[in-house]
Each structure stands twice: as C-alpha cells, then as structure tokens.
Amino acid sequence: MQLTRIGPDDWETFREVRLRSLSDSPAAFGSRHEDWVDAPEERWRARLTDVPLTLVATDGEAVVGVASGSPEGERWVELISMWVAPEVRGTGVARALIDAVAAWADEQGRGTCLMVRHDNDRARAAYARAGFVDRGVPDDWPDDEPPEHRMELRR
C-alpha cells in the first residue's frame, strides 16, 4: 500500500475514488453521488485546489482509500472525505491515511479534528483507536441534520 498526495492534475484519479466512496457509503458524506457524477473537469480540479491536502492510498494499480485535510480556524486541520474500500478495511489503510493527515497538521502546528455521523460506529471506533477523543455533538448542531460527533486527536 502506498500513499500519494494528489492535486488538480490528478482529478481523474480523485473522481474515480470519490464516486466510488459516495456510492459505497452514501450516508457517511455531506455530498451525494448525484451531486458529483456529472461534474465537469473544472469542478474536480477546483475541489483539489480548494482543499489543500488530498491523499490516495493505492494497492498496486487500485485506488483503495482517500482522505483530505483542510484548515479549520487557526488551531485545527479537519480530516474530511475519508474513505477506505471495503476489501481493505481492517488492514491499516485507514490508520495510514489518518496518520498522514495528522502529520500534515502537525507540520503546521495545528491539531487534527473531524466530524463523523453518530450512526457510523465503525468509523468512530477506528478514529478512537487512532487516538481521537469524542467531544460529542456540538451544541449548535442543526436540528434538521443527522447528528455528527466532533472528534479531536489527542497528542
């Protein structure tokens, strides 16, 4: 397994893994497959420009995971858009992606946080094993949205 940082010129690789993730785990993301499936090249490139860190995990030629990091305020990098292919879950791919985003945050003197849906028990457990502490659903969370827990990496 190899991790590679990708950018706007790698939009086709990102498109492949993002659409697969949105199809496989539709409830895990704020975006929907339908929102992206017909997106033009410019939108894919813009996502990879606007979000400063996107990593893909590959196993041979196959892309088997993705995670991104985006600054949140002055103190944090938020781990976003994380997904691991079902066939490699439990093999360390998630941990490698988490660790790489956290290392990028550390380089900037920032902590790492994330938001995860309350009903995504497998992801919450993986994040807890990686050292994240569950801070609960933020007090200002909208009533009409599925609850998400904020988790912060303990260092």
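I looked up Arg 45 first: it is partly exposed, with a relative accessible area of 26%. My cut-offs are under 20% for buried, over 50% for exposed and partly exposed in between, with a 1.4 Å probe and protein chains only. The model is predicted, so local features need pLDDT of at least 70, side-chain atom pairs count only at pLDDT 80 or more, and totals for chains, interfaces and linings use all residues. Residues are numbered from 1 along each chain as its sequence is written, and side-chain values use heavy atoms, leaving out hydrogens and water.

Next I checked the partner of Arg 45. Glu 41 forms a salt bridge with Arg 45, with the closest N and O atoms 2.7 Å apart. I count a salt bridge when a side-chain nitrogen of Lys or Arg is within 4 Å of a carboxyl oxygen of Asp or Glu. The two sit four residues apart in helix H3, so about one helical turn separates them. Helices (H or I, at least four residues) and strands (E, at least two) are DSSP runs, numbered from the N terminus. Glu 41 is partly exposed too, at 32%.

I then followed Glu 72. Its side chain meets that of Arg 150 in a salt bridge, 3.1 Å from N to O. Glu 72 lies in strand E3 and Arg 150 in strand E7 (residues 148–153), so the pair ties together parts 78 residues apart in sequence. Glu 72 is partly exposed at 27%, whereas Arg 150 is buried at 16%. Both belong to a salt-bridge network that also links Arg 135 and Glu 152.

Last, I noted the total: the structure holds 12 salt bridges.
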